[in-house]
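Welcome! Here is a short tour to read alongside the sequence and the 3D view.

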Amino acid sequence: MNLKKIRKDVAVVGAGMTVFARRLQETGKEMAWEAAKMALDEAGLTLQDIDAVIMGSAPDAFDGVHKKGDWLLDGAGGTNKPYMRVFIGGGTAVFAPIAGWWHVASGMFQRVLVVCEEKMSSVQPHAQSAFGHIWDPILDRPLKPNLVWIFSMEMQRYMYKYNVRYEDIALVAVKNKRNAVGHPCAQLADPNITLEDVLNSEPMALPVRRLDISPPSDGAAAIVLVSEDVAYEHTDTPVWIDGVGWCIDTTMWTNRDLAFPKFVARAAKMAYEMAGIKDPRKEIDFAEPYDPFDYKELQHLEGLLLAEPGEAAIMTREGKTQRDGEFPVCPSGGLLGVGNPIAAALGIKIGELYWQLAGKAGPRQVKKDVRTGVAQAWGDLMQVSSVVVMRRR
Amino acid sequence: MTKKDKFGPPFNPRGKPLEANEMEKIPHIRAKAPAKYAWAAGTAMSRFLEELKNGKIIGRLCAQCDRVLVPPRMFCERCFKPTTEWVYLPGTAVVETFSISYIDQNANRIKEPILVGTVAFDGAPPDCGIMHYFGEMKPEELKIGMPVEPVWKPQNERVGSILDIKYFRPRKK
């Protein structure tokens with residue numbers, strides 16, 4: 001793998017994001033347009049300036065419409081342009097910008113719009129009915145699984161192997177739902193939530209309780225990526241994508257190590273090597289790991305090599321991962337606080353890195369001066385990960 | 001930030017999820033997708049399902065990786081070589097992880113929890129097993145590392161399905 005000789009450096013110069021909430025009146029196209037327009041406006045661009053468009057969206061089954069990239073095309077601004085949809089389940093949120101990155105890094109395109117959209121509320125009665133179709137039809141589906149089961153089993157294994165307490169995991173939900181109070185798009189922000197609220201919330205699939213889970217949501221987000229050749233024409237504060245990585249483990253999920261996400265570590269090492277990062281714990285200032293469940297934030301911090309296995313829980317308990325802590329994690333409020341419209345988490349992960357590093361995060365701005373951040377998403381059948389390192393120069 | 005239109009303010013102000021019946025207030029179309037499928041089980045899994053009918057667990061040996069693959073595959077995804085022989089396993093297993101579920105497949109709430117998890121079969125590596133139910137135990141008795149054994153349906157009721165195993169129960173000492 002050649003991670004050194006990239007032709008063009010790539011910068012984010014604008015980002016946009018809709019409110020995340022269930023059953024928005026708008027269609028997916030309308031939401032995609034709203035986010036795309038915001039990102040273009042911030043970059044001071046119009047659609048005519050854009051060379052190519054990347055669309056990210058999760059299963060077609062959510063919409064009941066095949067070729068969802070095509071279905072969302074007009075709202076994403078892809079009409080009469082080179083256009084492609086990428087989809088790796090939940091990992092799409094950080095993978096769509098990676099696809100945008102390679103379009104620009106290759107030297108082929110100078111300005112690329114990346115739009116991610118999700119409307120989970122169309123599927124009735126619940127998004128779970130669509131999730132049922134991701135399981136193996138021969139071995140898993142006859143057992144009538146609920147998607148929460150696999151997370152519950154993973155969390156159980158993680159707690160067992162690394163001696164992690166549920167009380168420490170639940171603190172992640174408290175932190176993120178409180179952080180989300182500062183986010184204008186948040187669905188589940190709660191300034192008063194306590195640890196007891198999480199511990200006493202409704203049992204779903206134990207050890208997972210209701211407040212350990214991020215909510216299904218509808219929403220869209222977008223970013224504008226430009227080449228180093230034009231970045232400073234658009235802004236004085238471009239934020240650079242200095243490292244990207246992605247990796248997937250076997251589909252045979254009952255054959256995987258469920259406690260440590262090796263595929264996250266591989267994706268992270270790839271991104272760190274490209275960004276020239278040798279000691280991630282020292283060189284990275286804050287992180288936006290994927291947090292659809294509270295334990296996932298911890299497991300992903302460990303996969304990102306920002307904590308030893310089991311250590312992320314201790315960092316959380318000691319308050320280090322708070323927004324004003326020594327290593328802020330999910331200052332956006334994360335999926336747990338802002339909401340989880342699968343691919344549109346682009347706005348919470350890459351969007352937040354951009355806003356924080358450009359000093360535009362408003363009430364969410366972390367206290368310490370941040371120059372380097374890492375974002376990560378996770379998906380497919382719980383075994384794919386995408387990682388992006390971003391820097392202010 | 002939600003777009004306002006000529007129909008007035010949106011029905012979903014920030015943070016308020018709309019209930020299902022509120023959907024009725026906005027123009028919408030309902031439909032069902034009545035697609036049906038028949039999935040071939042494939043070369044490896046067909047044999048596995050046949051052996052379930054016989055009350056047996058079978059795996060495939062990857063000689064290169066020295067790994068017995070359960071569920072069986074005709075090739076190894078790690079070394080990418082063909083697997084070479086069928087290996088019968090005793091069927092006894094160990095609980096790798098589990099969940100105590102108060103929700104069914106469609107997220108409906110249920111009173112009696114489903115005990116479910118993954119097991120690793122004896123004779124296969126610790127990361128080689130399947131998902132299944134647990135039974136003949138109380139939820140609080142279920143533990144990682146617990147030795148378990150399959151409880152089979154009566155032979156005349158087995159059809160070559162993962163459900164030919166009813167569940168796994170604690171192994172008698």
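Which strand of chain A holds D242(A)? The residue lies in strand β8, which spans residues 239-248; strands are DSSP runs of E with at least two residues, helices are runs of H or I with at least four, and both are numbered from the N terminus.

## Before we start

This is a predicted model, in which local features need pLDDT of at least 70 and side-chain atom pairs count only at pLDDT 80 or more, while totals for chains, interfaces and linings use all residues. Residues are numbered from 1 along each chain as its sequence is written, chains are lettered from A and ligands numbered from 1 in the order in which they are written, and side-chain values use heavy atoms, leaving out hydrogens and water.

## Around D242(A)

D242(A) has a relative accessible area of 12%, so it counts as buried (under 20%; exposed is over 50%, partly exposed in between, with a 1.4 Å probe and protein chains only). Beyond its neighbours within four places in sequence, D242(A) is in contact (heavy atoms within 4.5 Å) with residues including M274(A), V389(A) and R393(A).

## Cysteines

No disulfide (a pair of cysteine sulfur atoms within 2.5 Å) turns up in a search of the whole structure. For C116(A), the nearest cysteine sulfur is that of C185(A), 14 Å away. C116(A) is buried, at 0% relative accessible area.

In chain B, the sulfur of C65(B) is 3.7 Å from that of C62(B), its closest, which is too far for a bond. C65(B) is partly exposed, at 30% relative accessibility.

## Chain A as a whole

Chain A has 14 helices and 11 strands. Of its 393 residues, 67% count as buried.
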